[in-house]
Amino acid sequence: MLVSEGGAAVEVPEARDGASDGSGDGVFFNPTQELNRDVTVAVLRAYRDRDPRAASYLDAMAASGIRGVRAGLAGYDVTCADVDADAVKLARANLARNDLDGAAVHRDVNALLHDEGPFDVVDIDPFGTPIPFVDSAFANTRDLVCVTATDTAPLCGAHYNSGVRKYATVPQNTEYHAEMGLRVLVSALVRTAARYDTAAVPVLSHVTRHYARTYLELDHRATSADSTLEELGYVYHCDQCLHREHEFGLVAHPPDECAHCGASVRTAGPIWLGPVRDAAFTRTVHDAVTDDMGEAKAARSLLETLAAEVETPTHYDQHKLCKQWGLPAPAMDEFVEALRAAGHEASRAHYHGTALKTPATVAEMRAATSDLF
């Protein structure tokens, strides 16, 4: 089956009976990931302006090769790797179909990176957790590591033991599970990079549908790696009144009780407490989205929201707050504007329509929005 996406024409497997994705013959193609790929291409274009030396791109789990083909059309020297021989054959044909000189190789990505790295940009987009591949990526990448994780249940604490095993942290399942999952992921990646005296700094991150995606710029100085570790810490969450607070540092000092209501609190961490995106770079990525992208409208909306998002390590769900207060939920924009009018930073969050980000406490939000009820 021939599909067109973002200026690329690629052959993908026919979908199996009853399947919405192209997943026949052992080669996987997911059409619902077009937004992910559109944002990736926009990041790659914007990153070339940020660092013109970045030239080589490794698509570590190539499948049909569509992501690698699109990176090649964006001007990168592409290598597509896969452990499935049929996938390699298909990726090689798709590179040729688009008049690209890139390579498609039948290799385990960890072995490939150690034998043939470093690459300027490495893209890790597996099914499930990326953790088995990130050591080799951080040890053998010059500039940018792009990572997708689809195991959102372990990341956000819904599958607690799996989250602890895979990410070497304590995740907690809260109403801000999307934010929790993203920051658990970034924490694990930053700590992995630091083992190689490398700072991995997220320049763009988002949670969309059932995956988290982050782009980390690398700085190969031990002192810079030390600085990233200072952005790790803990969140203390109260289920009773929804109050939460956070603390930087690798040693947790959880409060004996919630400072607001006196109930017990849950501790999550170490998670990433620093910025999950560079606002200026995010706006540059927004400008790199082009009209030939099938998800251009959604990509621009996502990036606009991300660029304006308040940097806090948690978010509040407006409906859950109003239910706690025993009041009907007002319009979301009015709620956010009321917080701003009261002098609080506030914004929508990109991953859910009723999620908002603000450093204001629950009590401060109740006072600031009282006129809306």
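1. Serine 4 has alanine 9 as its bridge partner in strand 2. Strand 1 (residues 2-5) and strand 2 (residues 8-11) run antiparallel and are joined by 4 bridges; two strands count as paired if DSSP finds at least two bridges between them. They make a hairpin with 2 residues between them, and glycine 6 in the turn has a positive phi of about 55°. Strand 2 has Ala8 and Val10 on its covered face, with Ala9 and Glu11 on the uncovered one. Strands here are DSSP runs of E with at least two residues, helices are runs of H or I with at least four, and both are numbered from the N terminus.

2. Some ground rules before going on. This is a predicted model, where local features need pLDDT of at least 70 and side-chain atom pairs count only at pLDDT 80 or more, while totals for chains, interfaces and linings use all residues. Residues are numbered from 1 along each chain as its sequence is written, and side-chain values use heavy atoms, with hydrogens and water left out.

3. Now the open sheet: 7 strands in the order 5-4-3-6-7-9-8, with mixed pairing. Strand 5 (103-106) and strand 8 (199-208) are the edges, each pairing on one side only. From one strand to the next, the twist averages 15°. Strand 4 (residues 77-82) and strand 5 run parallel, with 4 bridges joining them; within that pair, threonine 79 has alanine 103 in strand 5 as its bridge partner.

4. Helix 2 (residues 66-73) packs on this sheet and touches strand 3 (56-59), strand 4, strand 6 (119-124) and strand 9 (211-219), its direction making about 170° with that of strand 3. Contact means heavy atoms within 4.5 Å; axes are lines fitted to C-alpha atoms, for helices over the stretch in contact, and angles run from 0 to 180 degrees between N-to-C directions.

5. Arginine 70 sits in helix 2. Is it buried or exposed? Arginine 70 counts as buried because its relative accessibility is 3%; the cut-offs are under 20% relative accessible area for buried, over 50% for exposed and partly exposed in between (1.4 Å probe, protein chains only). Not counting residues up to four places away in sequence, arginine 70 touches Glu5, Gly6, Ala8, Glu34, Arg37, Asp38, Val41 and Met293.

6. Helix 1 is mostly covered, with 13 of its 17 residues buried. The axes of helix 1 (residues 34-50) and helix 10 (residues 279-288) come within 8 Å and cross at roughly 115°. On the helix 1 side, Val39, Ala42, Val43, Arg45, Ala46, Tyr47 and Arg50 meet Phe281, Thr284, Val285 and Ala288 of helix 10.

7. Strand 10 (residues 232-237) has 6 of its 6 residues buried. Strand 10 pairs with strand 12 (residues 266-272) in the antiparallel sense over 5 bridges, and valine 235 has alanine 268 in strand 12 as its bridge partner. Another 5 bridges join strand 10 to strand 11 (residues 244-248), also antiparallel. Strand 10 and strand 11 form a hairpin with 6 residues between them, where leucine 242 in the turn has a positive phi of about 75°.

8. Last, tryptophan 325 in helix 12 (residues 318-325). Tryptophan 325 counts as buried because its relative accessibility is 18%. Leaving aside neighbours within four places in sequence, tryptophan 325 is in contact with Phe335, Val362, Met365, Arg366, Thr369 and Phe373.
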